[in-house]
Amino acid sequence: MRLVEEEREKYLRAGEAARCALSRALDMVEEGASLYRVAEELEGVIAKCGASPAFPVNISINSVAAHYSPGVGDQSVIPRGAVVKVDVGAHVDGCIADTALTISLDPRREPLVEAAKRALRAALAALKPGVELSEVGASVESAVRAAGFKPISNLSGHLMDKYTLHAGKHVPNVRSEPCGKALVGEVYAVEPFVTDGAGYVVEAEGGTIYRLIGTRSVGDAALDSAIKGLWSKYRGLPFSERWVFSEGGERALSLLKELVRLRRVYVYPPLVEAGGGFVAQFEDTVLLLPDRALNTTRVLELLKK
Ligand code: MN
Ligand code: MN
């Protein structure tokens, strides 16, 4: 059995910090709000709660499903009637909580949001130690289709490990081939995405979220020192160009771009619904204990307050 039992307290603290950030998001997300300010504020909340961001706050609007985070100098604001996904991550010593919610500023999108909530409930009900993960996908797909929408087939939940967001196994959001069993001691993020569009996402241009791929020397003192700095701060977790800029200014940013060019740093492309549909998402983090599944983020309870 893995370390999840010993580290339960750290996972719970990370979960509380991420929940606090989402709770703040519920107050801040409104028409005209600056994405930059919302992201910085929520990352600040995570830090105040004694955790660190496990990745930059994602604020994905309308047909953008995931992986949009405001970059350096981002001037964008939340548009009128938007469907806003806020996805936050917190970690304590590498023990991660990954959680997300959707806020619709247009009542016409409420059925989509409700379908995404129902999908998360279905996923949480299905995810237990010993379950074949494809069965979770089947439950999600049934719930979403029954509500008249489509699950996004090429986005999935994921096993997490210390300092590792995507640790191999996937939790599909559609009926699929067998993809392995959930085991006691594992930690999963479950995150159904629901759309009125084509049902899959494609990659878009631009990207402000980065991840160090390896720590091997590139044979250049400045770049090697940049790699060392990124590793000591973020290990293998995603980070924002805002964070790099605020610590090291233009110089650090240009070293980062060079590391991207050398393929030592990966850039996450924003993921956009292929048919231009609206997308809603809810996400929780679950520890699989011997006797039960422990939800550390309980995002749907936040909405009742
Ligand atoms: Mn997430
Ligand atoms: Mn996730």
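Me: Is Ser 104 buried or exposed?

Reply: Ser 104 counts as buried because its relative accessible area is 16%, where buried means under 20%, exposed means over 50% and partly exposed lies in between, using a 1.4 Å probe and protein chains only. This is a predicted model, in which local features need pLDDT of at least 70 and side-chain atom pairs count only at pLDDT 80 or more, while totals for chains, interfaces and linings use all residues. Residues are numbered from 1 along each chain as its sequence is written, chains are lettered from A and ligands numbered from 1 in the order in which they are written, and side-chain values use heavy atoms, with hydrogens and water left out.

Me: Which strand is Ser 104 in, and what is Ser 104 in contact with?

Reply: Ser 104 lies in strand S4; strands (E, at least two residues) and helices (H or I, at least four) are DSSP runs numbered from the N terminus. Leaving aside neighbours within four places in sequence, Ser 104 is in contact (heavy atoms within 4.5 Å) with Ala 82, Val 83, Arg 109, Glu 110 and Val 113. A polar atom of the Ser 104 side chain also lies 2.6 Å from the backbone oxygen of Asp 106.

Me: What is the strand order in that sheet?

Reply: The order is S1-S3-S4, an open sheet of 3 strands with antiparallel pairing, where two strands pair if DSSP finds at least two bridges between them. The edge strands are S1 and S4, each of which pairs on one side only, and the twist averages 10° from one strand to the next.

Me: How many bridges join S3 and S4, and how many join S1 and S3?

Reply: S3 and S4 pair in the antiparallel sense over 10 bridges, and Lys 85 has Thr 102 in S4 as a bridge partner. Helix H1 (residues 8-28) packs on the sheet, touching S3 and S4, and its direction makes about 20° with that of S4; axes here are lines fitted to C-alpha atoms, for helices over the stretch in contact, with angles running from 0 to 180 degrees between N-to-C directions. On the other pairing, 7 bridges join S1 to strand S3 (residues 83-92), again antiparallel, and Ile 61 has Val 84 in S3 as a bridge partner.

Me: Why is S1 described as largely enclosed?

Reply: Strand S1 (residues 52-61) has 8 of its 10 residues buried, so it is largely enclosed by the rest of the structure.

Me: Switching to the metals, what coordinates the manganese ion (ligand 1)?

Reply: The manganese ion (ligand 1) is coordinated by Asp 87 (OD), Asp 87 (OD), Asp 98 (OD) and Glu 283 (OE), at 2.1 to 2.3 Å. Donors are N, O and S atoms within 2.8 Å of the metal (3.2 Å for Na, K and Ca), and since water is not among the atoms, sites may look incomplete. Along the chain these donors follow the spacing D-x10-D-x184-E.

Me: And which donors does the manganese ion (ligand 2) have?

Reply: Its protein donors are Asp 98 (OD), His 158 (NE2), Glu 191 (OE) and Glu 283 (OE), lying 2.1 to 2.2 Å from the manganese ion (ligand 2), with the spacing D-x59-H-x32-E-x91-E along the chain. The manganese ion (ligand 1) and the manganese ion (ligand 2) are 3.2 Å apart, and Asp 98 coordinates both. Asp 98 is in strand S4 (residues 95-104) and Glu 283 is in the loop between strand S15 (279-281) and strand S16 (284-288), 185 residues apart, which links distant parts of the chain.

Me: Are Asp 98 and Glu 283 buried or exposed?

Reply: Both are buried, Asp 98 at 4% relative accessibility and Glu 283 at 0%.

Me: Which residues touch the most other members of the largest nonpolar core?

Reply: Leu 42, Val 86, Val 88 and Leu 127 do, out of 57 residues, a nonpolar core being a set of buried Ala, Val, Leu, Ile, Met, Phe, Trp, Tyr and Cys residues joined through side-chain atoms within 4.5 Å. Helix H3 (residues 110-126) gives the most to this core, with 8 residues. Apart from it lies another core, of 16 residues, including Tyr 210 and Leu 230.

Conventions
A polar contact is a pair of N or O atoms within 3.5 Å; within protein, one must be able to donate a hydrogen and the other to accept it, and residues adjacent in sequence count only if both atoms are side-chain atoms.
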